[in-house]
Amino acid sequence: MALRPLLTTIALVAGLPALADEPIGAAVSIELNATRTNEGACTLSFLVQNGHDAPIDQAIYEAVLFDAAGQVERLTLFDMGALPPARPRVRQFALAGQTCEALGAILINGAETCSGADLPERACETDLLLTSRTEIALKG
């Protein structure tokens, strides 16, 4: 079963050159890149990029998870950590007691924390670019 994590890593890395070569402007890009249900938890893999000239020291987003019927399942925080400018980062979060198949959408409600020197006001929220390569919609 060690092959599955390797294939997931290869799939994530395969999309990196295109992302790194295309400037996104003064924004933060968050892509829900992959999902995997494993041992009673849904693991979400996000590909995140800071398009600002200055590094983001910490970015924490409030997220609302909706089930397949469109009802709120839970609110949570996704800590994307430090985001250097123009360098993609992968962040993973395991949602205990949740299968990925039961999720219908994730709403990024806003930035709980966005810190760093020389960042414009609301740097983590203004022009937030959200995409999904999965069956789960990512909205903002």
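Visitor: In what order do the elements of the protein chain run from the N terminus on?
Guide: This is a predicted model. The protein chain holds 2 helices and 8 strands. From the N terminus on, the elements run α-α-β-β-β-β-β-β-β-β.

Visitor: What share of the contacts with a separation of 6 or more is between residues 24 or more positions apart?
Guide: The count covers contacts in the protein chain with a separation of 6 or more. Among these, residues 24 or more positions apart account for 71%.

Visitor: What percentage of the residues of the protein chain count as buried?
Guide: A residue counts as buried when its relative accessible area is under 20%. The protein chain has 140 residues, and the share that count as buried is 36%.

Visitor: How much of the accessible surface belongs to carbon and sulfur atoms?
Guide: The accessible surface of the protein chain comes to about 7,600 Å². The part that belongs to carbon and sulfur atoms is 52%.

Visitor: How are the bonded cysteines paired in sequence order?
Guide: The count comes to 2 disulfides. One is formed by Cys-42 and Cys-100, and another by Cys-114 and Cys-124. With the bonded cysteines numbered in sequence order, the pairing is 1-2, 3-4.

Visitor: How many residues apart are Cys-42 and Cys-100?
Guide: The sulfur atoms of Cys-42 and Cys-100 are 2.1 Å apart, and the two form a disulfide. Cys-42 is in strand β2 (residues 41–50), while Cys-100 is in the loop between β5 (89–96) and β6 (103–115). The pair therefore links distant parts of the chain, and its separation is 58 residues.

Visitor: Why is the disulfide of Cys-42 and Cys-100 called right-handed?
Guide: The handedness follows from the torsion about the S-S bond of Cys-42 and Cys-100. The disulfide is right-handed because this torsion is about 105°.

Visitor: Is Cys-100 buried or exposed?
Guide: Buried means under 20% relative accessible area. Cys-100 has a relative accessible area of 7%, so Cys-100 is buried.

Visitor: Which parts of the chain do Cys-114 and Cys-124 tie together?
Guide: The sulfur atoms of Cys-114 and Cys-124 are 2.0 Å apart, and the two form a disulfide. The link is right-handed, with 75° about the S-S bond. The pair ties together parts that are 10 residues apart in sequence, because Cys-114 lies in strand β6 and Cys-124 in the loop between β6 and β7 (129–132).

Visitor: How does Cys-114 count in terms of relative accessible area?
Guide: Buried means under 20%, exposed over 50%, and partly exposed in between. Cys-124, at 1% relative accessibility, counts as buried. Cys-114 has a relative accessible area of 31%, so Cys-114 is partly exposed.

Visitor: What distance separates the C-alpha atoms of Tyr-61 and Thr-76?
Guide: Thr-76 is among the residues in contact with Tyr-61. The two are 15 residues apart along the chain, and their C-alpha atoms are separated by 8.4 Å.

Visitor: Where do Phe-46 and Phe-78 lie in the chain?
Guide: The count of aromatic pairs comes to 3. In one of them, the rings of Phe-46 and Phe-78 have their centres 5.3 Å apart and their planes at 50°, so the pair is tilted. This pair links distant parts of the chain, 32 residues apart: Phe-46 in strand β2 and Phe-78 in strand β4 (residues 72–83).

Visitor: Which residues form one aromatic cluster?
Guide: Phe-46 is buried with a relative accessible area of 0%, and Phe-78 counts as buried at 1% relative accessibility. The rings of Phe-78 and Phe-93 have their centres 4.7 Å apart and their planes at 35°, so this pair is tilted. Phe-93 in strand β5 is 15 residues from Phe-78 in strand β4. One aromatic cluster is formed by Phe-46, Phe-78 and Phe-93.

Notes
Residues numbered from 1 in each chain as written. Predicted model: local features only at pLDDT ≥ 70, side-chain atom pairs only at ≥ 80, totals over all residues. Heavy atoms only, no water. Helix = DSSP H or I, 4+ residues; strand = E, 2+ residues; numbered from the N terminus. Buried < 20%, exposed > 50% of the residue type's maximum accessible area, 1.4 Å probe, protein only. Contact = heavy atoms within 4.5 Å. Areas by Shrake-Rupley, 256 points an atom, 1.4 Å probe, with all protein chains shown as cover. Disulfide = S-S within 2.5 Å. Phe/Tyr/Trp six-rings, centres within 6.5 Å; stacked < 30°, edge-to-face > 60°. Lists of a residue's contacts leave out its neighbours within four places in sequence.
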